[in-house]
Amino acid sequence: MPPVDSLPFAGELNSPAAHPGSPIAAEIRLSEVIAAMSYALDITEGQPQGHAARTCLIGMRIAREIKLPAIDQSALFYGLLLKDLGCSSNAAKMCYLFGADDRQVKRDIKTIDWPKMTASIQFVQNQVAPNGTRLERLLKMVSMALQGPSGPKRLVQTRCERGSMIARQLGFPEATASAIHQLDEHWNGKGHPLGLKGEQISPLARIMGLAQTVEVFFSQQGLLAAIDIAEDRRGRWFDPELVDAFLATRDDFDFWRRVHHPNPHQQVAAFEPPDAALIADEPQLDLIAAAFAQVVDAKSPWTYKHSAGVADIAVGIGEVLGFNPLELRGIRRAGLLHDIGKLGVSNLILDKLGKMTDDEFTELKKHPRFTEQIVGRVAGLGGLAEIAAAHHEKLNGRGYHRGIMAADLPLEARLLSVADIFEALSAARPYRDGMPIEKIYEIMDRDAGFAICEESYAALKHWVDRRTFTSRVNDQLDAVEKLVDEI
């Protein structure tokens, strides 16, 4: 797997954007926010950190080479950064079909010429049930063969439809959403999900598809490999004119040094069309937090709507405790983003039916650290990183990922932990049903004042008592049923 553990760059969380003294949202460029958040999409795809940002640099350089009209460059810019918005929506299905780590499968599939039958068969043989018995591997291969060509098409369709839908929710133009939807179409008509051919494919999608593949080979094998793959797939996967435009950049060493920069998300602003530079105001930041919560919750049917549920409960606790509207806004954002680090955890672990092994639990416990690293680099949201990442900390210092003691846990982090525990216990898991409120209280009573904040817990009870609380179990079961039907 790529080095998911090393998500941040040294010292990055000490930047001004990572602390409460961050600049106000009105001063923050939307490009900065989206470029930083794209790292969450990178780890979902099993790609090295900065994949989307580097893809953006390459795509915008191609756009300049072909003199893409200015009106299209802004739509392309955000499409390149957000091309993988739907990436989590097929993770569970891919994990089940292959019996393998979804991140590894997603990473490796970007390097093969999958429309070629021999390449697809070899890929399946190499990927299915890597830790399974010979019989288990054979059964998986038979199952996938029975799906025929429609299987891969449905995987891509799920991802593309979900990504374009979220792009629209974020308020990006239809050109951006359409390009995301058509990302995996090929010039020769053998791509997915619609089998579009040639100029039927959005010009922006054509640039995005080329830039994405070039970035993968550039990051893994260098510029010569990226040039070779573009030439090899010219006229098949890629628009020949766009490949020629890309090849014209081969001697632009200053540009390729920029692509190779250790902090590529800091480089993308130079390629944002200046006439269309957007500002991330407070409502836009709310939309971004809500959108990425959807990305997180789509990764597994068992986490479906969890982030939104935790955010609602946390805000309810905060209201009882007397937080003001500005503070409640921050609490909601932290609740929405608290589990974004789970995008870096395999569905083999998230969807496991039985008890996790010690090694699997160790992997799962990394997700708060991933959350801190991702949110911490986002201008306008970075000040929430430590709060969002503290949702598994305990007053006695026996939580994770930092083992923080009570004295170092702010009230916002304490109430978020209480909200997360309550919501998780009320929901179903692959190995148990959702619990009734009385049972949840019985469990949480034992930890109140010792592991969890007694004040926040009392506020939770007060908030729950004033309404009819409905768990998300039915929504989960609907999501599981949908997954089974698709498989």
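Mentor: This is a predicted model. The structure holds 13 aromatic pairs. Take the one formed by Phe98 and Phe123. A pair of aromatic rings is described by the distance of the centres and the angle of the planes. Here the centres are 5.9 Å apart and the planes stand at 75°, which makes the pair edge-to-face. Phe98 belongs to helix H4 and Phe123 to helix H6 (residues 117-127), so the pair ties together parts 25 residues apart in sequence.

Now the domains. The protein chain splits into domain 1 (27-280) and domain 2 (282-486). Their C-alpha centres are 30 Å apart. In the contact, domain 1 takes part with 35 residues and domain 2 with 29 residues. About 2800 Å² is buried between the two, and carbon and sulfur atoms give 68% of that area.

Next, the polar side of the interface. Seven residue pairs are in polar contact between domain 1 and domain 2, counting pairs with both residues at pLDDT 80 or more. The helices come in here. H1 (30-44), H4 (91-98), H5 (102-109) and H8 (150-169) each supply at least two residues of the side of domain 1 that touches domain 2. H1 gives the most, with 11 residues. By residue type, this side of domain 1 has 20 nonpolar, eight polar and seven charged residues.

Then the charges. Side chains of opposite charge can pair when their charged atoms come close. Across the interface of domain 1 and domain 2, the rule finds one salt bridge. In the salt bridge of Lys299 and Asp102, the N to O distance is 2.7 Å. For the structure, the count comes to 33 salt bridges. Another of them joins Arg54 and Glu215, with the closest N and O atoms 2.6 Å apart. Arg54 sits in helix H2 (residues 51-65) and Glu215 in helix H10 (residues 203-221). That pair links distant parts of the chain, 161 residues apart.

Last, the backbone. Most residues other than glycine have a negative phi, and most peptide bonds are trans. Some places here deserve a look on that account. His192 and Pro193 are joined by a cis peptide bond, with omega about 5°. Pro193 lies in the loop between helix H9 (174-181) and H10. Tyr400 and His401 are also joined by a cis peptide bond, and omega there is about 25°. The loop that holds His401 runs between helix H20 (385-389) and helix H21 (411-426). Ala129 is not a glycine, yet its phi is positive, about 35°. Look for Ala129 in the loop between H6 and helix H7 (134-147).

To recap the interface: about 2800 Å² is buried, seven residue pairs are in polar contact, and the rule finds one salt bridge.

Key: Residues numbered from 1 in each chain as written. Predicted model: local features only at pLDDT ≥ 70, side-chain atom pairs only at ≥ 80, totals over all residues. Heavy atoms only, no water. Domains from an automatic or database assignment. Contact = heavy atoms within 4.5 Å. Buried area = accessible area lost by both parts, 1.4 Å probe. Salt bridge = Lys/Arg side-chain N within 4 Å of Asp/Glu carboxyl O. Polar contact = N/O pair within 3.5 Å; in protein donor to acceptor, adjacent residues only side chain to side chain. Helix = DSSP H or I, 4+ residues; strand = E, 2+ residues; numbered from the N terminus. Nonpolar A, V, L, I, M, F, W, Y, C, P; charged D, E, K, R; others polar. Phe/Tyr/Trp six-rings, centres within 6.5 Å; stacked < 30°, edge-to-face > 60°.
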